Amino acid sequence: MPSFTLPRPARITRTHKISAALVASASCAAALAFAAAPSDAATTSAASATVKPVSANGLPLTAKDRADDGKKSKLVASSVSDHLKVTAVEKQGHTAKQAASRSVERKAIATPKAAPKKAPKAAPKRYTNTLDGWIRESLDIMKAKGIPGSYDGLHRNIMRESSGNPNAVNDWDINAINGIPSKGLLQVIQPTFDRYHVAGTPHNLVDPVANITAAANYAADRYGSIDNVNSAY
């Protein structure tokens, strides 16, 4: 049989033993150092526990100082909040005013002011060219001038004096003899007509309206009213 030679075990020398011991010692030292070193959180907590807050003058804050600081902080926060609310309200009011102003301006532009309407002039009153129309027109003038008289008083005296003829002339009485005959509806002489002529009527003795109003003015001055005349006057 062939022969086998077993390998000889490695020889452990003194140098190997010393190296192993040094490695072991170093590992133990590192483990002890890691276990002894505090974590960051622990360091921060410890630092926070040892540092006390101070006031502006460098002295430690008391409980009262911290309470006052809390109140001041609340007051500042409340003041800021109130200011913001007031500012917001003012901005809303300003915005609303601007919107209202723009709305009014748009309305003013969209709706031009209409020119004020003039009151329509009253149509002039018309009278018929008859005895009735002459009397009624004379009555309106007499009313405006404050001359008394009625339709009945005028009509009654006209019918007695001229029978309603505006061109009637009396050529036989004393006035005619004196060259100033009575003429017109109420038989008025020229001097009397000139004296009692009513402004606004024609300056013509035989004009129906001018004759009536002048005679009524004369009768009002002498008798109080044409209504009081029942005979020659």
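These legends describe close-up views of a predicted model.

**View 1. Helix 4 packs with helix 5.** Helix 4 covers residues 131–145, and helix 5 covers residues 151–162. Two packed helices are described by the angle between their axes and the distance between the axes. Here the angle is about 130°, and the axes lie 10 Å apart.

**View 2. Side by side: the residues where helix 4 meets helix 5.** Helix 4 brings Leu 131, Asp 132, Ile 135, Arg 136, Leu 139 and Met 142. Helix 5 brings Tyr 151, Leu 154, His 155, Ile 158 and Met 159. By class, this contact holds eight nonpolar residues, one polar residue and two charged ones.

**View 3. Helix 4 also packs with helix 8.** Helix 8 runs over residues 208–223. Its axis is 9 Å from that of helix 4, at an angle of about 50°. Helix 4 and helix 8 are therefore oblique to each other. The crossing is right-handed. From helix 4, the contact uses Trp 134, Ile 135, Glu 137, Ser 138, Ile 141 and Met 142. From helix 8 come Pro 208, Val 209, Ile 212, Thr 213 and Ala 216. Eight of the contact residues are nonpolar, two are polar and one is charged.

**View 4. The largest pocket.** Rolling a probe the size of a water molecule over the atoms shows where empty space is left. The largest pocket has a volume of about 280 Å³. It is lined by 15 residues. Closest to its centre are Asn 175, Ser 182, Gln 187, Ile 189 and Tyr 233. The lining has seven nonpolar, five polar and three charged residues.

Definitions and conventions
Residues are numbered from 1 along each chain as its sequence is written. This is a predicted model: local features need pLDDT of at least 70, side-chain atom pairs count only at pLDDT 80 or more; totals for chains, interfaces and linings use all residues. Side-chain values use heavy atoms; hydrogens and water are left out. Axes are lines fitted to C-alpha atoms, for helices over the stretch in contact, and angles run from 0 to 180 degrees between N-to-C directions. Helices (H or I, at least four residues) and strands (E, at least two) are DSSP runs, numbered from the N terminus. Contact means heavy atoms within 4.5 Å. Ala, Val, Leu, Ile, Met, Phe, Trp, Tyr, Cys and Pro count as nonpolar, Asp, Glu, Lys and Arg as charged, and the others, Gly among them, as polar. On a 1 Å grid over the protein atoms alone, a cavity is a set of points where a 1.4 Å probe fits but cannot get out, and a pocket is an open set with protein on both sides within 12 Å along at least five of seven lines; lining residues have an atom within 4 Å of a point. Grid points are joined across faces, edges and corners, and a volume is the space filled by probe spheres set on the points. Angles under 35 degrees count as roughly parallel, over 145 as roughly antiparallel, 65 to 115 as roughly perpendicular and the rest as oblique. A crossing is left-handed if the near helix is turned anticlockwise from the far one by less than a right angle, and right-handed if clockwise.
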